Amino acid sequence: MSADKQIRVTPLYQMHLDAGAKMVPFAGYEMPVSYPLGIKKEHIHTREKAGLFDVSHMGQIRLVGPNSKKALESIVPVDIIDLPLMKLRYALFTNKSGGVMDDLMVTNLGDEDLFLVVNAACKDADYDHLQSTIGDDCKVEFLEDVALLALQGPKAHEVLSEIAPSTSEMTFMTARQLVINGMNCLITRSGYTGEDGFEISVSAKDAEELAKLFLSNTEVEWVGLGARDSLRLEAGLSLYGHELDNDHSPVESSLSWALSKARRTGGVREGNYLGADVIISHLDEGAESKVVGLQPEGRMPVREGAMIEDELGNNVGKVTSGGFGPSINRPIAIARLKKSYIEKNSKLFALVRDKKIAVEVVSLPFVKQNYYRG
Amino acid sequence: MSIKFSEDHEWIQSQGDDLVVIGITDFAQEQLGDLVYVELPEVGDECSRGENISVIESVKAASDLIAPVSGTIVEVNSRLEEEPELVTEDSMGDGWFIKVKLSSPEELDDLMDESAYNNFIEE
């Protein structure tokens with residue numbers, strides 16, 4: 001690796017080593033893929049109790065200034081202007097051709113102060129994109145020396161409310177700024193596992209103390225990136241670079257639900273973002289492909305890149321993410337398929353090492369999402 | 001019975017009459033993590049040294065099992081198809097993969113003994 005591409009570590013690196021984590025390079029960081037418990041048990045632990053994830057490699061960005069909401073709205077197909085105070089919304093950075101540059105979470109901290117969390121692998125490109133498109137309209141502040149912890153699972157709210165009682169009143173997709181044991185925390189009730197849970201942004205110097213506080217509860221175990229991926233796959237959640245990319249519109253990625261009414265045809269602030277013409281035409285007239293769940297027959301996992309064929313051998317699409325769902329104990333996959341074949345209800349097959357594995361198109365998610373909506 | 005090891009982290013146990021049992025080592029099993037699927041070759045298949053003969057799938061990824069010797073597959077551990085976790089639980093015993101009738105028994109001489117293998121994984 002060249003000097004300017006040095007591998008980075010999160011503020012919790014030493015804790016991962018001490019916990020016996022298997023470390024792997026991911027998005028320029030040395031990250032824990034699993035701990036001695038192993039991916040399967042870490043996954044199940046998160047579904048049954050509470051898993052603690054270090055996601056400090058993700059990008060944390062603040063947009064500040066009197067025009068920040070309007071500015072962000074000009075580059076996402078989402079209603080930001082009417083995003084209520086201390087609420088979160090899922091958004092997408094689109095490109096000129098209607099494709100997706102990244103997906104992100106936006107929190108309205110009030111006073112035209114927005115907090116964004118973006119993917120680790122895209123964060124440098126996102127920062128450049130924000131600077132070049134809206135850098136003159138608001139201040140784009142890339143947060144350094146911060147950590148991000150995710151506490152996920154049905155026990156997450158009990159664990160957190162023991163040290164921060166007011167968090168029990170929070171509902172899904174809301175935020176609070178709290179001081180826990182003298183540490184300033186920005187807490188959102190959100191996550192990437194399909195379970196109830198929280199993400200906590202905290203300064204790098206406090207990260208270890210906060211992580212230790214969570215781990216002192218016997219319900220909490222470290223969970224690595226391996227189980228993070230199998231959890232999100234079961235929960236049917238998109239991953240950038242897999243279900244989402246520069247070449248497909250959000251409609252083609254089955255993310256129409258994320259496109260706010262206010263920004264669609266006839267909406268109060270229709271269009272006016274990069275690629276709006278393509279995205280709105282896909283919304284109004286339909287797109288040729290979509291992203292669906294696949295249930296492979298048998299036990300052999302069908303993985304990313306596997307081609308999907310119909311009975312006659314016509315190519316119908318491709319698997320975007322695939323693997324094994326530890327909670328449901330069978331292989332599962334997500335694929336981008338041509339819509340005409342889904343509608344025809346054709347018999348479909350995945351090609352794995354020259355074998356044809358029968359697959360059934362199923363609705364996502366594979367497991368029930370357990371968000372706390374109050 | 002003598003047991004040998006390959007650089008691809010397989011163990012090869014001689015059973016006499018040019019017959020060997022092949023599995024993966026504890027080291028390999030730990031590296032792979034939780035196994036979810038094992039694809040075995042067919043009984044009667046010929047294999048030559050260096051060829052992919054089986055696929056081992058963990059939650060995360062698929063890896064190949066590479067034939068450490070040449071010969072004919074005479075038996076496969078079909079229990080692994082339903083219980084891949086046997087490899088994790090008992091890689092040197094119930095988690096065996098295949099039995100091979102050697103066509104070139106001298107290939108065994110190119111494999112490592114236990115102490116050489118232990119040095120190999122230390123590196």
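Okay, one definition before anything else: when I say two residues are in contact, I mean that their C-beta atoms, placed from the backbone, lie within 7 Å. With that in hand, 10 residues of chain B are in contact with 14 residues of chain A.

A quick word on what you're looking at. This is a predicted model, where local features need pLDDT of at least 70 and side-chain atom pairs count only at pLDDT 80 or more, while totals for chains, interfaces and linings use all residues. Residues are numbered from 1 along each chain as its sequence is written, with chains lettered from A and ligands numbered from 1 in the order in which they are written. On scores, the model has ipTM 0.83 and pTM 0.93. For chain B the mean pLDDT is 94, with 99% of its residues at 70 or more; pLDDT is the predictor's confidence in each residue, from 0 to 100.

Back to where the chains meet. 10 residues of chain B take part, against 14 of chain A. On the chain B side, the elements giving two or more residues are strand S4 (35-39) and strand S6 (52-58). S4(B) gives the most, three residues. Helices (H or I, at least four residues) and strands (E, at least two) are DSSP runs, by the way, numbered from the N terminus. By class, that side of chain B has five nonpolar, one polar and four charged residues. Here Ala, Val, Leu, Ile, Met, Phe, Trp, Tyr, Cys and Pro count as nonpolar, Asp, Glu, Lys and Arg as charged, and the others, Gly among them, as polar.

Now chain A as a whole. There are nine helices and 19 strands in chain A. Its radius of gyration is 21 Å, close to the 21 Å that the globule rule gives for 374 residues, so chain A is as compact as a globular protein of that length. That radius is taken over C-alpha atoms, and the rule is 2.2 Å times the number of residues to the power 0.38. The C-alpha trace spans about 65 × 50 × 50 Å along its principal axes.

Take A:Leu151: beyond its neighbours within four places in sequence, its contacts include A:Leu52, A:Phe198 and A:Phe214.

Chain A splits into domain 1 (3-55 + 145-234) and domain 2 (288-374), with bounds from an automatic or database domain assignment. Their C-alpha centres lie 29 Å apart. 15 residues of domain 1 are in contact with 18 of domain 2. Which elements give two or more residues to the domain 1 side? Helix H2 (39-48) and helix H7 (225-234) of chain A, with H2(A) giving the largest share, four residues. And H2(A) is mostly covered, with seven of its 10 residues buried, including A:His43 and A:Arg47.

Note on methods: Buried ≥ 20, exposed ≤ 12 C-beta atoms within 10 Å, placed from the backbone.
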